[in-house]
Amino acid sequence: MAHPLPHPEDWLILPEEEQLLMNRTPHGRLGIAVLLKFFQVKGRFPERHGEVGKDILANIAEQIGVPVETWHDLYWEGRTIKRHRADIREWCGFREVTLSDFDIFKTWLVDEVIPWEYRADRVREFLFLRCRDLRIELPASDHISRLIQSALQEHETSFCKAIFRCLDSATLSGMKSLLQLQFL
């Protein structure tokens, strides 16, 4: 039987991971199993129920013998899901991202990544790998987008300033004259 998941092996619950599922309600077992596998594959937790594909849910539910419908019983904003996330981070040896991490990531992106790769999607991939290497949970998608846009802007500004500092006085004078003509 052909499997609809692109990499079904990524979504297998391993025997040692079953310890995390013990002594939990059915929706708790499915919830923590889905969050664990999603975290291992994506480096972050899903931001909403619908972000997890039906094929993934069905695959994991079948493995642990829980009806897939119990996924919708998981309260998304409650203490239980926060505890699940904390348990998974600890299990995987990761920690949450902090505000100081954002500053460090931005400096790293501006100094090390963006001079060589300016496309936002590729910069995002480098950030993902960096977080994995440092064992830090990926920030939320909107935070990553703002971080990357800010780093791109900072790099562009410093790049333009560096070019401007290299211009001689004759070139600067010519540019000034050109700009004055433009606004007449």
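**Close-up views of a predicted model**

**Figure 1. Arg 135 is situated in the loop that connects H5 and H6.** Helices are DSSP runs (H or I, at least four residues) numbered from the N terminus. The model is predicted: local features need pLDDT of at least 70 and side-chain atom pairs pLDDT 80 or more, while totals for chains, interfaces and linings use all residues. Residues are numbered from 1 along each chain as its sequence is written, and side-chain values use heavy atoms, without hydrogens or water. The phi angle of Arg 135 is near 60°, which is positive although the residue is not glycine. Most residues other than glycine have a negative phi. Arg 135 is partly exposed, at 38% relative accessibility; on this scale buried is under 20%, exposed over 50% and partly exposed in between (1.4 Å probe, protein chains only). Beyond its neighbours within four places in sequence, Arg 135 is in contact (heavy atoms within 4.5 Å) with Cys 92, Gly 93, Phe 94 and Arg 95.

**Figure 2. Glu 137 is a buried residue of the loop between helix H5 (120–134) and helix H6 (141–166).** The relative accessible area of Glu 137 is 11%. Its side chain makes a polar contact of 2.5 Å with the side chain of Arg 89. Such a contact pairs N or O atoms within 3.5 Å, one able to donate a hydrogen and the other to accept it; residues adjacent in sequence count only if both atoms are side-chain atoms. Outside the four places on either side in sequence, Glu 137 also touches Phe 39, Gly 43, Phe 45, Phe 94, Arg 95, Glu 96 and Val 97, among its contacts.

**Figure 3. The largest nonpolar core has 27 residues.** A nonpolar core joins buried Ala, Val, Leu, Ile, Met, Phe, Trp, Tyr and Cys residues through side-chain atoms within 4.5 Å. Leu 30, Ile 60, Trp 71 and Ile 88 have the most contacts inside the largest core. Helix H1 (26–42), helix H2 (54–64) and helix H3 (79–92) each contribute at least two residues to this core, and H1 gives the largest share, with eight. Setting aside neighbours within four places in sequence, Ile 88 meets Ile 32, Leu 35, Leu 36, Phe 39 and Phe 45. Another core, of 17 residues, lies apart from the largest one and includes Ile 114, Val 123, Leu 127 and Ile 136.

**Figure 4. His 155 is buried in helix H6.** The relative accessible area of His 155 is 15%. Val 110, Ile 114, Pro 115 and Tyr 118 are in contact with His 155, leaving aside its neighbours within four places in sequence.

**Figure 5. Asn 23 belongs to the segment before H1.** Asn 23 counts as exposed because its relative accessibility is 80%. The phi of Asn 23 is near 60°, a positive value in a residue other than glycine.
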